[in-house]
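Hi,

Here is the structure I promised to pass on.

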Amino acid sequence: MYYNENTIVYYNGAFIKAAEARGNVYDQTLHYGYGVFEGIRSYATENGVQIFKAKEHFERMEYSCEAMRIPYPYKNEELIAISYEVLKRNDLQDAYLRPLVSCTPNMSLTKAKGSHLLIAAWEWGAYLGEKLLRLKSSSYRRITPVSFMVAAKVCGHYVNSILATQEAKDLGFDEALLLDIDGFVAEGPGANIFLEQDNVLYTPQLGSILPGITRSTVLEICNELGITAIEKQIKPEEFKGADSAFFCGTAAEVIGIESLDTIPFKKDWKDSLGIRIQKAYKDLVLAKKFKQEEVSA
Ligand code: PMP
């Protein structure tokens, strides 16, 4: 599904066939979830294929490696150029890119001795689908900043996300909503969240969430459209039955939410602030408003 016999990935300094890439069974990432990754989208635009916010994603990957003390001997501009080459060699346009920095063999609980770099790409439609989502409040809390570095995109953090998503699906819902350790609304398993109340958007403040690149983009869009957006601690009771809500993330893009624990949001999605953001986001990723420096080869 993610690759076939012709798929090319960039792995440890070379473009090779995905089917021929080999890992080591003593790699630290495999045993302990100690590695970092990114999720990036590219779009077919009027200016050709564009990787959206490539610089921001690779800067976050560099930060994640620094935070985890994983060697990052790469130049981000080179990784961006390599990413475009991976797309080209696989004849991909609207695609999802997955850079992963994994660690070399080390069975001790000490910092990485060395790292591998993978950049893979595949075609991926709307990650959470096109329909409005029915969310379930998760019985799992989001990882906490006293135990993990939540601003880093670390492989092992996603065990929490898998538990939450699967629990929601097992109960017949589309996706989960997680609270932070103090009981405030945090985020989805793979996306940040906004809610609308009385014509204002609210989103959880940074601290217990992944600082999403899409979340920042949504805040920029709000600024441009003159929509008030406030970052604050949100209680679950403020969230339930609000006017409207949406998830945002690179894979999910901007996707409306129909209900939380079967309680519907008040406004029709078509009348919400979210749909305006969704349209503006689509315009932006399709390069209709890209600044010149973001348009590369
Ligand atoms: N929160 C979590 C837990 C995520 O995995 C993601 C996806 N990377 C996001 C938020 C959204 O981040 P971004 O907009 O940078 O993709």
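By class, the ligand's shell splits into five nonpolar, six polar and four charged residues. Before you read on, keep in mind that this is a predicted model.

**Ligand site**

The ligand is surrounded by 15 residues, and the closest are Lys153, Tyr158, Glu187, Thr214 and Thr250. Lys153 puts a polar side-chain atom 2.7 Å from a ligand nitrogen. With Tyr158, an N or O atom of the side chain is 2.5 Å from an oxygen atom of the ligand. Thr250 has a polar side-chain atom 2.6 Å from a ligand oxygen. As for cover, on its own the ligand has 380 Å² of accessible area, and the protein covers 96% of that.

**Surface patch**

Val25, Tyr26, Leu30, Tyr32, Met107 and Leu109 make a nonpolar surface patch of about 680 Å². One of them, Leu30, sits in helix α1 (residues 28-32). Leu30 has a relative accessible area of 62%, so it counts as exposed, the cut-off for that being over 50%.

**Ser272**

Ser272 is in the loop between β16 (263-264) and α7 (273-285). Its relative accessibility is 3%, so Ser272 is classed as buried. A polar atom of the Ser272 side chain lies 3.3 Å from the backbone nitrogen of Gly274, and the backbone nitrogen of Ile275 is 3.2 Å from a polar atom of that side chain.

**Positive phi**

Two residues to check if you look at backbone torsions:

- Lys53 is not a glycine, yet has a positive phi of about 55°. You'll find Lys53 in the loop between β5 (48-51) and α2 (54-68), and it is buried, with a relative accessible area of 11%.
- Asp198 is not a glycine either, and its phi is positive at about 50°. Asp198 lies in the loop between β11 (192-197) and β12 (200-204). Here the relative accessible area is 61%, so Asp198 is exposed.

**Salt bridges**

How many salt bridges does a search of the whole structure find? The count is 14. Here are some to look at:

- Glu85 pairs with Arg89 in a salt bridge, with the closest N and O atoms 2.8 Å apart. Both residues are in helix α3 (residues 76-89), four residues apart, which is about one turn of the helix. Glu85 is partly exposed at 25% relative accessibility, and Arg89 is partly exposed at 44%.
- Glu238 and Lys232 meet through their side chains in a salt bridge at 2.7 Å, N to O. Glu238 is partly exposed, with a relative accessible area of 31%, and Lys232 counts as partly exposed at 24%.
- Asp271 forms a salt bridge with Lys270, and the closest N and O atoms are 3.7 Å apart. Asp271 is partly exposed at 46% relative accessible area, whereas Lys270 is exposed at 57%.
- Lys136, Lys240 and Asp261 are linked in a salt-bridge network.

That's what I have for now. Over to you!

Definitions and conventions
Residues numbered from 1 in each chain as written. Predicted model: local features only at pLDDT ≥ 70, side-chain atom pairs only at ≥ 80, totals over all residues. Heavy atoms only, no water. Near = heavy atom within 4 Å. Polar contact = N/O pair within 3.5 Å; in protein donor to acceptor, adjacent residues only side chain to side chain. Areas by Shrake-Rupley, 256 points an atom, 1.4 Å probe, with all protein chains shown as cover. Nonpolar A, V, L, I, M, F, W, Y, C, P; charged D, E, K, R; others polar. Patch = residues over 30% accessible without salt bridge, like charges linked within 9 Å, V, L, I, M, F, W, Y side chains within 5 Å. Salt bridge = Lys/Arg side-chain N within 4 Å of Asp/Glu carboxyl O. Buried < 20%, exposed > 50% of the residue type's maximum accessible area, 1.4 Å probe, protein only.
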